[in-house]
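Below are some short notes for a reader who is new to this entry. Please keep the sequence and the model open while going through them.

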Amino acid sequence: MRRIGVVLLGLMLCFSARAEIQPGETPPDALGTTQHGEVVSVSSLHGKVVVISFWATWCGYCMKEMPVLANLQSLATERNLPLQVVSINSRESRDVFVRSSRALRKSLPGLLITWDSDDAIGKPYGADKAIPVMVMLHRDGTVAHVHVGYGEDMLDSLVAEINALLAEPASSPAVAGIH
């Protein structure tokens with residue numbers, strides 16, 4: 001009985017957390033660093049629909065979400081769609097991040113996996129309070145949707161949101177900063 005109470009409390013905390021950043025706003029540029037030290041940023045992904053997911057190895061819901069995101073990325077890559085999934089490992093040591101990145105890359109090769117050791121990147125999104133947190137960005141880099149928590153019942157609506165974002169017209173070169 002105590003275990004059920006702990007699980008329910010965890011679920012309530014997960015779904016009661018709220019991101020500070022809201023749809024329509026411009027998010028911070030940083031999206032973490034890859035295992036190989038490459039810096040990933042929102043601005044480097046302009047022109048693409050970006051799906052950001054904050055996760056940790058100890059989060060069961062996060063680990064259920066990861067293969068779904070990897071499948072979305074693989075499908076987008078296969079169809080040459082402008083979509084990039086960025087999975088940001090939160091609040092875990094560098095060693096855990098490197099080991100989990102290696103393991104996940106083998107089974108989920110399409111994911112771009114980065115690290116946020118101290119939740120500095122995740123805080124504006126509410127990832128310091130609960131994970132998983134999924135944020136979808138328009139091609140211009142502004143926030144389209146923020147979701148806290150994960151459930152398989154969300155899949156149809158998440159896919160519909162991504163498809164709607166992909167259907168939006170691409171930014172003009174002047175807006176995107178290409179002259």
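Predicted model: local features only at pLDDT ≥ 70, side-chain atom pairs only at ≥ 80, totals over all residues.

1. Leaving aside residues up to four places away in sequence, Val-51 touches Leu-69, Leu-83, Gln-84, Val-85, Val-86, Met-134, Val-135, Met-136 and Ile-162.

2. Val-51 also belongs to the largest nonpolar core, which has 48 residues. Together with Leu-31, Ile-52, Phe-54 and Leu-111, Val-51 is among the residues with the most contacts inside that core. At least two residues of the core come from each of β3, α2, β4, α3, β5, β6 (133–137), β7 (143–148) and α4 (155–167). As background, nonpolar side chains tend to be buried together in soluble globular proteins.

3. Helix α3 covers residues 94–107, 14 residues in all.

4. Which residues of α3 are buried? They are Phe-97, Val-98, Ser-100, Ser-101 and Leu-104. An α-helix has 3.6 residues a turn, so residues three or four places apart point the same way. The elements that the buried residues of α3 pack against are β1 (30–33), β3 (49–55), α2 (60–78), β4 (83–90) and β5 (112–116).

5. Strand β1 pairs with β2 (residues 39–41) in the antiparallel sense, over two bridges. Thr-33 has Val-39, in β2, as its bridge partner. Five residues lie between the strands of this hairpin, and Gly-37 takes a positive phi near 85° there.

6. The second largest pocket holds about 150 Å³ of space. Its lining consists of Leu-72, Leu-75, Ala-76, Arg-79, Leu-81, Leu-83, Val-159, Ile-162, Asn-163 and Leu-166. Helices α2 and α4 each supply at least two residues of this lining; α4 gives the most, with four residues.

7. Thr-77 and Gly-110 are 33 residues apart along the chain, and their C-alpha atoms are separated by 8.1 Å.

Terms used. Residues numbered from 1 in each chain as written. Heavy atoms only, no water. Expected span 1.5 Å × (residues − 1). Buried < 20%, exposed > 50% of the residue type's maximum accessible area, 1.4 Å probe, protein only. Contact = heavy atoms within 4.5 Å. Pairing = 2+ DSSP bridges. Core = buried A, V, L, I, M, F, W, Y, C linked by side-chain atoms within 4.5 Å. 1 Å grid on protein atoms, 1.4 Å probe; cavity = no way out; pocket = protein on both sides within 12 Å on 5 of 7 lines; lining within 4 Å. Points joined across faces, edges and corners; volume = space filled by probe spheres on them.
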